[in-house]
Amino acid sequence: MQTNQPARLPEPEHPPEFYLSEIKNIMQVRRRGEAPMALIHTYGCQQNVADSEKIKGLLAQMGFFFTENEEEADFILFNTCAVRGHAENRVFGNVGAVKELKHRHPQLIVAVCGCMMEEQQASEHIRRKFPFVNLVFGTHVLHRFPELFWTALTESRRVFERGDEQEDARIVEGLPVRRDGTSRAWLTVMYGCDNFCSYCIVPYVRGRERSREPEAILQEFRSVVDGGYKDITLLGQNVNSYGKKLAKPVSFAELLRMLDAVDGDYRLRFMTSHPKDATHELIDTMAAGRHISHHLHLPVQSGSNRVLKEMNRRYTREKYLELVEYARKKIPDLSLTTDIIVGFPGETYEEFRETVSLIREVGFTSLFTFIYSPREGTRAALLPDPIPAEEKSKWLQELCAEQEKISAVRCAGEVGKTCRVLVESRNEKNGLLTGRTDGNVVVLFPGEKGMVGNFVNVKITAARNWILSGELIQ
Ligand code: SAH
Ligand code: SF4
Ligand code: F3S
């Protein structure tokens with residue numbers, strides 16, 4: 001990946017309100033007084049979902065309403081993910097498909113933002129191959145979206161903007177957020193990543209770790225609780241290194257305790273925890289918490305010490321298993337989930353089997369599995385990678401088949417238990433409610449629409465492929 005950056009944008013000429021109200025006026029004239037409509041496509045992780053909610057907050061202040069129908073959209077935005085080649089190709093395919101729409105609706109404004117747009121070659125690809133795209137901006141300049149949008153509108157030129165080191169280092173507070181869900185909310189506590197796992201692009205496209213001040217997080221957290229959100233997830237690429245670089249350092253466990261002290265009817269989750277930084281203090285805090293969910297997403301990536309070292313993960317299989325053992329002792333009903341990469345360059349079948357043995361040993365609730373995807377500019381992309389793709393696919397299937405057996409046993413173990421479930425929706429056709437347990441497992445049970453958004457107790461009566469069925473306990 002190239003690091004040469006475009007010339008820095010000069011500081012904005014006007015205060016943010018200026019751009020918001022100017023765009024509102026321009027769009028009203030274009031739409032002859034009708035509300036303009038925006039359509040946002042979000043790819044990638046929850047961090048991107050949270051970013052899209054900020055962009056929606058800004059668009060709402062510009063007078064936009066939101067639609068899922070591209071035929072009625074005045075503005076279409078793709079918020080992109082760079083983590084794997086597959087994700088990138090999907091974005092290029094979907095952006096390319098807008099060409100025909102733009103042909104029919106020449107007034108349509110098309111924008112692409114997010115992690116991919118911090119990569120010079122991806123942004124160049126958009127510039128050369130998709131001349132109908134009006135606006136491109138990376139994650140580091142998201143807060144300057146109104147000004148960039150205004151420039152594209154008023155100067156009738158294409159705008160391309162990425163971050164640089166100065167933008168990289170900043171945190172902008174106070175952007176409006178338009179949350180999509182009614183019961184689930186995402187709340188970013190830190191940005192960026194300093195770990196440079198050898199396969200991973202994230203540190204290049206999200207910049208260095210920087211934590212929000214605990215007071216700012218607490219204030220937003222209170223407003224989310226007051227807003228009736230009941231399943232709140234704190235976000236960061238490595239939440240356990242939260243607060244280390246603050247002027248007054250605060251550990252992630254301390255932050256959790258501070259938030260958990262807020263009264264209310266809610267469940268508190270967090271992701272992602274890097275095993276090298278997950279502490280016993282964190283586990284103790286989870287065990288003692290009033291609202292903290294007994295669910296830990298702890299990506300292991302591989303069960304082989306040699307592969308872990310090559311990945312630059314900075315923990316061993318033994319350290320990981322020790323942490324899991326401690327956590328299970330302190331939190332017996334803990335639900336553990338993980339991420340695994342299959343086919344890291346140079347991984348042998350025997351090393352892959354060490355991953356299979358690790359998942360058996362731990363007994364995860366579920367796995368997120370990925371075939372290794374080389375990312376230009378990362379260290380692993382330079383390593384010899386002799387195993388053919390078809391072979392890696394077979395390994396992946398073998399891993400998933402093993403996990404299915406584990407899940408079936410764990411799932412069957414839930415039958416007969418009573419769980420506290422947050423109801424998320426109701427299927428009007430069959431009258432079934434869908435909810436989520438504390439361990440983040442989906443439960444289906446008959447119930448009334450009025451229960452959506454509330455916690456209820458459900459007795460689990462059957463289990464199939466990690467979907468539990470149950471009945472309400474009054
Ligand atoms: N910060 C988080 C993960 C963010 S990316 C953590 O460290 O756990 C989410 C997952 O994508 C990673 O856990 C990893 O399993 C996978 N991933 C990242 N880069 C990848 C690559 N180049 N190829 C395949 N999978 C990758
Ligand atoms: Fe990527 Fe590793 Fe950072 Fe996670 S911790 S975002 S895998 S570099
Ligand atoms: Fe993808 Fe960016 Fe998240 S690369 S995984 S959207 S941080």
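Ala, Val, Leu, Ile, Met, Phe, Trp, Tyr, Cys and Pro count here as nonpolar, Asp, Glu, Lys and Arg as charged, and the others, Gly among them, as polar. By that sorting, the shell around ligand 2 divides into seven nonpolar residues, three polar and one charged. What we're looking at is a predicted model, where local features need pLDDT of at least 70 and side-chain atom pairs count only at pLDDT 80 or more, while totals for chains, interfaces and linings use all residues. Residues are numbered from 1 along each chain as its sequence is written, chains are lettered from A and ligands numbered from 1 in the order in which they are written, and side-chain values use heavy atoms, leaving out hydrogens and water.

Let's start with the overall layout.

Now for the ligands. A residue counts as near a ligand if one of its heavy atoms lies within 4 Å of it. Around ligand 2 you'll find Cys193, Asn195, Phe196, Cys197, Tyr199, Cys200, Val202, Pro203, Gln237, His274 and Arg313. Ligand 3 has Gly44, Cys45, Asn48, Cys81, Ala82, Val83, Cys115, Arg206 and Gln237 around it, which sort into five nonpolar, three polar and one charged.

Ligand 1 has 15 residues around it, and Gln237, Pro299, Gln301, Asp339 and Ser373 come nearest. That shell holds seven nonpolar, four polar and four charged residues. As for polar contacts (pairs of N or O atoms within 3.5 Å), one oxygen atom of ligand 1 is 2.6 Å from a side-chain N or O atom of aspartate 339, and an oxygen atom is 3.0 Å from one in the side chain of arginine 84. A nitrogen atom of the ligand lies 2.8 Å from a polar backbone atom of serine 373. Taken alone, ligand 1 exposes 540 Å², and the protein buries 90% of that (Shrake-Rupley areas, 1.4 Å probe).

A cis peptide bond, omega about 10°, joins methionine 271 and threonine 272, and threonine 272 sits in the loop between β11 (267–271) and α11 (280–288). Arginine 32 isn't a glycine, yet has a positive phi of about 50°; its place is the loop between α1 (16–30) and β1 (37–42).

Methods
Polar contact = N/O pair within 3.5 Å; in protein donor to acceptor, adjacent residues only side chain to side chain. Helix = DSSP H or I, 4+ residues; strand = E, 2+ residues; numbered from the N terminus.
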